Structure formats: C-alpha cells, structure tokens
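Trainee: I'd like to zoom in on one part of this and see how it connects to what's around it. Could you pick a piece and walk me through it slowly?

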Amino acid sequence: MKTENNFSRHVIIFIISSIILTLVLNMLILPTVSKPKVEKTNYSFFLDKLEDGDITLVQVEDTEIRFKVETDEKKQVYSTGRMYDPELVERLHKDKNVVFTENFEETSVLAQFLIGWVLPIIIFILLWNLLMRGMSKRMGGNAMSFGKSNAKIYVKAQTGKTFADVAGQDEAKEALVEIVDFLHNPDKYAEIGANLPKGALLVGPPGTGKTLLAQAVAGEAEVPFFSISGSEFVEMFVGMGAAKVRDLFKQAAEKAPCIVFIDEIDTIGKKRDGNFSSNDEREQTLNQLLTEMDGFDGKKGVVILAATNRPESLDPALLRPGRFDRRIPAELPDLNGREAILKVHAKKIKTEENIDFNAIARATAGASGAELANIINEAALRAVRNDRKLVSQADLEESVEVVIAGYQRKNAVISQKEKEIIAYHEIGHALVAAKQKDSAPVHKITIIPRTSGALGYTMQVDEDEKFLLTKEEALARIATFAGGRSAEELVFNSCTSGASNDIEQATKIARAMVTRFGMSNKFDMIALETVTNQYLGGDTALACSPETSAKIDEEVNDIVRKSHQKALQILRDNIDKLHELAAFLLEKETITGEEFMDILNKDNKVNS
Ligand code: ADP
Ligand code: MG
Ligand code: ZN
C-alpha cells in the first residue's frame with residue numbers, strides 16, 4: 001500500500017528530525033543559555049574582593065580561578081589567572097562566606113529541564129501540526145483518517161433543482177419519483193413486501209439531463225444525498241479508490257435512508273478484461289464497489305444512482321439484479337420534449353410575448369437538452385448585443401444556427417466566383433430536396449459563412465417528428481446530399497472540395513442502409529456491422545469477412561452513384577429554376593423556405 005508507505009516515511013522523517021533537534025538544543029543552545037557571563041579580571045581585584053568579603057563562590061582550577069562576587073548592587077562571575085599563592089585555600093576557608101565549588105553552571109534544574117526537554121516537545125507538536133495540515137491539504141481531507149473519501153453531502157435544497165427543472169424525460173422522472181417516495185415512507189413498500197431496486201442507472205447521450213435528474217432527486221428527496229463523480233475514485237495510489245468506496249458506503253449506511261449518486265460511473269465500472277496490463281487500481285475500486293453493493297441491506301434505504309453515457313462498456317457484474325438492476329434511459333428529447341425544455345429555460349430569460357417555441361423545437365431535431373439550454377442562452381446574448389431588452393423569435397432562430405453551424409463570419413472575404421459556386425451548390429441541395437416527395441421541406445438557405453467552416457447551408461425542417469427512416473427517405477436524403485455537387489458539375493463543369501461534408505453524410509447513410517438496415521439488394525437482413533457506442537457518436541464495428549466487406553463497399557458505392565445520377569437528373573430537368581434561384585440567393589445571401597418555394601412554383605407549367 002503506497003499510501004501507508006508514504007505515511008510511515010513521514011513518521012520516520014519526523015522522529016529523526018526530533019532526535020536531531022533535541023541533541024542540538026541540549027549540546028549547543030543549553031550551555032550558552034545556562035552558562036553565566038564571565039568577566040576577565042586581574043588577581044589583585046580578586047584579592048580586594050576577598051578582603052571585602054564579597055566573594056561567595058570560588059572555583060580553583062589549574063590555571064584559572066573563577067569567583068562570584070555578590071554585593072547589594074550586582075552579582076557577577078569573574079575569572080582571573082592563578083598566581084603562586086600557597087595560603088590561598090587557607091584564607092578562603094577562613095572566610096565563612098566563601099563556598100568552594102566545582103561547577104558554576106548553576107542555572108536552575110527546572111530551567112535546564114525546560115530548555116532541554118519541554119521546549120523541544122512543544123516545537124515538535126507545532127511541527128507535527130503543520131506537517132499534518134500540509135498533508136491533509138494535499139489529500140483533501142483529514143490526514144489522520146487515511147483513505148477517507150470526501151463525498152460531499154448534499155442535503156435538500158443545496159442543489160436547488162427539482163423535477164420541475166427537468167422537462168421531458170417523463171419515464172425517467174416516473175422511475176425516480178418512485179425511489180424518492182420509497183425513501184420518504186419505506187413502510188408502505190415493506191407492508192406489501194416489495195423490494196425496491198438497490199440501484200438505478202441513468203443512461204443516455206451527453207447533455208440529456210442525467211446529472212440534472214440526479215440533482216433533482218436530491219432536491220425532491222428530503223434525505224441526505226451523497227454525490228461523487230467516478231473520476232474522484234481514480235487515485236494515484238493503488239487501493240485509495242477502493243478505500244474511498246468503502247468509506248462512502250460506510251458514511252451512507254450511517255445516514256440511511258439516503259441516496260448515493262455516482263456520476264460518470266464508466267470511469268470505474270469498465271469491463272474487467274483478462275489483460276494483465278489493465279488498470280489494477282480501477283479493478284480494485286470496481287471490486288470494492290461490487291462488494292459494497294452486495295453488502296448493504298436494501299431495506300435500510302440506501303439507494304444508489306449512477307449515470308453514464310457508455311452503458312455498453314460497463315462491467316456486466318454491475319448490471320446484474322441486486323446491483324444496478326434498473327436502467328433509466330435519458331434519451332434525446334422528442335419534439336414535445338424539446339419544446340418543453342426550451343420553455344423551462346426560457347423562463348429564466350425575458351422574452352417577447354407569443355414566441356413560437358414549437359418552430360424552434362422543430363428546427364432542432366436531434367439536439368440534446370444541454371444544446372437547447374445553450375440555444376436559449378445564445379439568444380439572450382444576441383438580444384443584449386443588439387441592445388434589446390427582450391429576446392425575440394429572430395434571436396432564437398439565429399441562435400439555433402449558431403449552435404448548429406457556429407457564428408456568422410460577416411467579414412470573411414469570399415470572391416464573387418466562389419460565392420456563385422456556393423449559391424449553386426446550396427440551391428442544388430434545396431432543389432433536389434424539394435423535387436422529391438420523401439424529403440423534408442426546405443426551411444432556409446444561406447450562403448453566409450459560419451465559424452464552423454460551413455460556407456453556406458440548406459436547412460430542412462420536418463413537419464413532425466420522425467422515428468423511422470424508410471428506404472425511400474434514406475435514398476432521398478442521399479440524393480439531396482448529392483444535389484450540391486451535382487449543381488456544381490452541371491453549371492461549372494467541375495467539382496470543388498465544398499462537398500466533402502455532404503459526401504461524408506451520404507456515405508454514412510448508404511453504409512448504414514447496407515450494413516445495418518437491410519435495405520440493399522445484395523444482402524438480406526444481415527447485421528454486417530454493430531453499433532458499439534450507442535450514445536457517443538455511434539461508432540460501428542464490422543462483423544463480417546473481408547470479402548463481404550469488399551462487397552459492402554461496392555454496394556455502398558452503387559447506392560451513392562444511383563442517387564447522384566438521380567440528383568443530376570432532377571437538376572437537369574429544372575435547370576432554369578436552378579439558375580433563377582441561384583441568382584436570387586446570390587443577391588439576398590439568405591432566403592427562407594417560402595421565398596424558395598414561391599419562385600419554384602411561379603410558373604408551374606415548365607416542369608412539374
Ligand atoms: P448529462 O449529465 O446527461 O450529460 P446534464 O444533466 O449535465 O447532462 O445536462 C446539462 C444541462 O442541460 C443541464 O444543466 C440543463 O441546463 C440542460 N438540460 C439537459 N436536459 C434537460 C431537460 N430535460 N430539461 C431541462 N434542462 C435540461
Ligand atoms: Mg453528466
Ligand atoms: Zn453541400
């Protein structure tokens with residue numbers, strides 16, 4: 001145990017330095033303090049004083065005589081050289097005042113004791129205190145109690161959040177309400193004989209309100225709330241994390257009924273692998289956690305909440321019944337959820353009346369709660385920047401784009417030629433989208449560059465929330481992505497790098513169609529890829545032979561090529577509209593979906 005080593009090293013250093021200090025004090029300081037001051041004088045002075053009878057002490061040595069003179073005014077020790085004086089001793093002896101002595105160091109025994117022993121002890125105690133304070137500061141706790149965790153205790157109102165602050169997430173809230181209720185009156189559950197889950201795991205993508213939900217539980221439950229982040233268990237020293245877990249549960253058991261919340265539990269709950277190089281410390285911590293979760297009595301009222309966005313990486317042992325047996329999903333909000341979240345956050349800012357939150361919610365499909373909160377805040381910032389007292393609908397709409405695509409780069413210098421290409425590119429997307437019945441309506445087209453690097457973009461907003469993707473819609477989307485490049489090819493007879501993002505997106509969809517959705521002609525319902533990271537980017541892992549993998553690539557290429565051809569065809573059929581709309585966009589820089597549709601439908605007889 002490294003820490004204990006560390007500790008005993010401190011103790012050894014302390015003891016050694018104590019001994020050295022005692023010796024130094026006794027050998028160097030004590031003599032100088034206790035030795036009386038000696039004044040050199042001559043022999044005749046000595047004889048004079050002897051005559052006067054003022055000498056009280058005499059020490060005769062081989063070469064020196066020391067004597068103490070005590071008068072009413074002062075006491076002083078003198079020393080003088082020794083002369084040949086055979087009767088001296090006789091004379092001194094006659095003088096009843098004089099005492100022979102061998103030792104002038106007549107400082108009181110008490111003073112010696114104080115300086116030699118008590119003073120060092122006092123100094124040691126002070127030093128020890130300083131040392132301990134320094135150590136405990138470094139360790140963030142009481143240094144005397146090594147291995148204590150510092151789980152903060154949240155009691156009621158400290159987080160200041162309640163379920164009212166969490167919009168949407170109704171299923172999650174329902175599950176948590178039950179837990180809160182259990183903690184308030186466990187008897188109700190005991191009567192029936194129901195066992196509440198010991199632990200509940202909040203899972204979902206980042207920013208969906210997992211931490212917020214836990215804080216809301218703390219606010220709602222009038223019980224102590226221990227909150228600790230998984231990373232706080234990861235210590236430099238092996239064994240410390242496990243000690244922290246032990247201590248956390250000890251504290252919790254004392255305070256039961258209570259809630260223990262472990263945020264980002266994947267930091268310690270990672271699957272244990274047979275790897276020897278795996279992190280020993282983390283494994284110990286996890287084992288301790290498993291043991292502790294088994295060890296306590298669920299009826300006592302300790303409920304453990306944990307949050308993670310990587311549930312698939314958690315050790316299966318953590319998920320078995322009796323531990324985190326209840327899984328509470330915090331998914332990305334749907335249309336209603338987004339509207340509710342926008343409204344919750346809009347309460348904190350001053351808005352104009354009759355803001356259409358539904359429109360904002362529709363434009364933000366796929367946005368998480370955190371992103372929506374950010375959109376509201378960006379809108380408020382924009383209002384302040386424009387010296388307005390209230391946030392308007394336009395602020396919100398602009399901030400949606402800021403969050404999606406970054407800020408406008410108003411002073412980016414883009415040549416006329418490039419602007420033209422960008423305008424055709426964007427209209428290409430919009431036109432292909434508009435001319436296919438399975439794609440979402442165009443909401444806005446702009447060629448104002450953004451800080452994210454986008455030189456322009458076409459926003460499509462669905463009327464309602466879509467949960468399924470049909471094959472037709474998937475193909476329509478790929479064709480729409482191909483529309484930008486196709487327009488460049490048709491009009492300028494060349495292509496640019498501006499389509500790189502479109503290509504990426506189109507490939508992603510086409511690949512998913514082949515490998516995961518079973519939408520290709522070549523393969524049947526075969527899972528050729530599995531999603532490994534559901535909530536974080538959705539990485540996939542190939543699960544097929546290299547030969548099949550080559551066939552997948554071919555098939556993906558096929559799908560994209562066909563969609564590209566389709567986009568080209570749509571644009572060829574509507575080439576006049578393409579020119580007209582591109583010119584309009586070039587002039588206006590930003591056009592709405594309505595303006596776009598108006599021009600597109602102006603004289604319908606040409607093409608339809
Ligand atoms: P997570 O822990 O899931 O990554 P957080 O709980 O930290 O996400 O959420 C970050 C922020 O996003 C919250 O502080 C809150 O402002 C906002 N937020 C997320 N989800 C919601 C929601 N359902 N209702 C209201 N606000 C939300
Ligand atoms: Mg969180
Ligand atoms: Zn594009």
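Mentor: Let's take helix α19, which covers residues 546-573 and so counts 28 residues. Its first and last C-alpha atoms are 41 Å apart, close to the 40 Å expected at 1.5 Å a residue (the expected span is 1.5 Å times one less than the number of residues). Helices here are DSSP runs of H or I with at least four residues, strands are runs of E with at least two, and both are numbered from the N terminus. Keep in mind that this is a predicted model, where local features need pLDDT of at least 70, side-chain atom pairs count only at pLDDT 80 or more, totals for chains, interfaces and linings use all residues, and side-chain values use heavy atoms, without hydrogens or water. As for labels, residues are numbered from 1 along each chain as its sequence is written, while chains are lettered from A and ligands numbered from 1 in the order they are written.

Which residues of α19 are buried? Buried means under 20% relative accessible area, exposed means over 50%, and partly exposed is in between, with a 1.4 Å probe and protein chains only. In α19 the buried residues are T548, S549, I552, E555, V556, I559, S563, A567, L568, I570 and L571. When you read that list, remember that an α-helix has 3.6 residues a turn, so residues three or four places apart point the same way. The cover over these buried residues includes helices α16, α17 (471-492), α18 and α20 (575-588), plus strand β15 (540-542).

H425 and D502 are both buried.

β13, β12 and β16 form an open sheet of 3 strands in the order β13-β12-β16, with antiparallel pairing (two strands pair if DSSP finds at least two bridges between them). β13 and β16 are the edge strands, each pairing on one side only. From one strand to the next, the twist averages 15°. That and the angles below are taken between N-to-C directions, from 0 to 180 degrees, with axes fitted to C-alpha atoms, for helices over the stretch in contact. α20 packs on this sheet, touching β12 and β16, and its direction makes about 120° with that of β16; contact means heavy atoms within 4.5 Å. Helix α21 (residues 593-601) also touches β12 and β16 as it packs on the sheet, with its direction at about 75° to that of β16.

What about β12 itself? Strand β12 (residues 442-446) is mostly covered, with 4 of its 5 residues buried. To β13 (residues 457-460) it is joined antiparallel over 4 bridges: V442 stands opposite Q460, and K444 opposite M459. To β16 (residues 590-592), β12 has 3 bridges, again antiparallel, and there I445 has I591 as its bridge partner.

Finally, step back to the whole chain. The protein chain has 21 helices and 16 strands, and of its 608 residues 43% count as buried. Among its contacts between residues at least 6 apart in sequence, 72% join residues at least 24 apart.
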